[in-house]
Amino acid sequence: MARPWRRAAAQPVEDAAARPRTAVELAGVSHAYGERTVLREVSLVLPEHRIGVIGGNGSGKSTLARLLNGLVLPSAGRVLVDGLDTATDLRAVRRRVGFVFQDPDAQIVHPTVAEDVAFGLHNQKVPAPEREQRVAEVLARYGLAGHAEHPAHLLSGGQKQLLAIAGVLVMRPARVVFDEPTTLLDLANRRRVARVIDELEQDVVVVTHDLDLLAGFDRVLVVSDGRVVADGTPAETVDWYVARMS
Amino acid sequence: MTTLALYSPRPSALHRTPAAVELAALAALSVLLFAVPSVTVAGASLGAVAVLGLAGARLTPRQLLAQLRPVWLWLVGLLVFHLVVTDLATGAVAVVRLATLVLAAAVVTATSRVAELVAVVEWLCAPLRLVGVRPGRIGLAIAMTLRFIPLVAERAARIREAQAARGAARPLFLMLVPLLVQVLQLAHTTAEALDARGADDEAPPRALWRRA
């Protein structure tokens with residue numbers, strides 16, 4: 001019997017793991033918020049495993065990060081993630097690219113830890129048994145298993161950031177973008193998050209002011225006034241950036 | 001722990017009871033208490049709820065009493081109102097009835113995960129799909145309300161501290177503007193986070209009159 005009030009079947013969206021990782025490409029990308037241009041004709045091909053983005057406040061680096069999973073669409077130019085255009089394949093791009101925000105409190109939307117981690121899987125219509133298994137796995141991996149039923153607002157700052165990361169990684173994205181993931185953390189938690197990023201098999205892009213985080217990265221971009229002004233290995237770019245900011 | 005986060009997993013009979021059954025019982029109790037305005041019924045219900053909370057849900061007396069703390073002024077005010085306007089018996093019924101319902105609701109939230117309660121609400125709201133409403137959005141709104149109340153309270157406390165640190169015992173309403181600005185910023189980022197975590201994956205249902 002037809003039940004018109006039942007939820008429609010899940011929309012077919014490409015599995016993030018099915019498409020091979022090639023590169024993120026920005027072709028002549030500009031972005032403006034109203035009259036204020038924050039990115040100016042940026043063209044990049046980013047095939048590396050770990051990429052850092054540094055720059056002063058208001059330089060455009062967070063906008064650059066948001067372009068990579070379609071949270072912001074370019075005013076001009078195109079952003080392609082493994083061949084998928086953020087403007088036309090938005091849902092597939094968002095499944096492919098996870099995003100971790102600076103403030104985990106803004107990213108945690110359910111009252112308890114396990115429920116929040118399950119949120120993304122619920123959106124992806126992952127069946128309940130698999131959902132529970134994946135949530136348990138990711139909580140154990142990030143040392144949150146003992147907090148599964150705890151209210152999220154009672155976690156420490158470091159635990160909240162790990163919860164935010166767990167909530168993204170449980171969705172098994174092919175790439176993860178971090179927007180200043182260590183800014184609000186103490187030294188011990190900064191090191192813990194750095195270790196988590198270090199161990200990820202996913203390709204990562206990390207926007208940060210924490211230059212120590214970039215040790216061992218494959219490539220670092222320096223953004224200033226909406227343009228990429230330096231691009232190279234951490235050894236080449238970080239010293240240059242520090243000298244420029246001094 | 002706040003009163004909004006009472007749930008704690010325990011091996012109790014009520015924890016094993018489906019959230020839908022508990023919500024239905026809570027609704028039935030509400031109807032009974034208002035349909036039969038008697039001190040005996042209200043008192044017996046209060047006793048039954050207390051026994052269920054202590055024995056059935058294995059809550060401590062302190063946890064149960066903590067649920068009445070935010071409403072005790074209302075209960076006293078209600079009793080005083082009835083003493084002035086009606087009589088002691090009517091006031092006693094009203095107070096015991098309200099206390100019973102607050103405790104019963106606390107027992108339900110203490111023994112049911114938010115996700116289970118939200119799933120029941122979504123199921124009840126399923127017919128709204130016929131008019132183009134996504135029940136999942138209603139459930140998400142409830143869950144987010146429970147999540148953000150303590151967070152907004154925490155931000156308000158931080159603003160009060162910042163104002164006090166600058167030497168001013170400022171009126172409470174002067175806190176509202178900075179709090180509003182912070183809440184709007186939080187809302188903006190949270191909206192982005194919802195998008196990033198696939199909250200928009202499900203296409204909205206088409207209202208009946210828009211279906212081919």
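**Sheets and helices of chain A**

In chain A, strand β1 (residues 24-33) runs antiparallel to strand β4 (residues 76-81), and five bridges join the two; strands here are DSSP runs of E with at least two residues, helices are runs of H or I with at least four residues, both numbered from the N terminus, and two strands count as paired if DSSP finds at least two bridges between them. Within this pair, A:Ser30 has A:Ala76 of β4(A) as its bridge partner. The model is a predicted one, in which local features need pLDDT of at least 70, side-chain atom pairs count only at pLDDT 80 or more, and totals for chains, interfaces and linings use all residues. Residues are numbered from 1 along each chain as its sequence is written, while chains are lettered from A and ligands numbered from 1 in the order in which they are written.

Both strands belong to an open sheet of four strands in chain A, ordered β2-β1-β4-β5 with antiparallel pairing. Its edges are formed by β2 (36-46) and β5 (84-85) of chain A, each of which pairs on one side only.

A further open sheet in chain A has six strands in the order β6-β7-β8-β3-β9-β10, with mixed pairing. Its edge strands are β6 (97-100) and β10 (227-232) of chain A. Strand β9 (residues 219-224) of chain A pairs with β10(A) in the antiparallel sense over five bridges, and A:Val222 stands opposite A:Ala230 in β10(A). Helix α8 (residues 234-245) of chain A packs on this sheet, touching β3 (50-55), β9 and β10 of chain A, where contact requires C-beta atoms, placed from the backbone, to lie within 7 Å.

Note on methods:
Two residues are in contact if their C-beta atoms, placed from the backbone, lie within 7 Å. Axes are lines fitted to C-alpha atoms, for helices over the stretch in contact, and angles run from 0 to 180 degrees between N-to-C directions.
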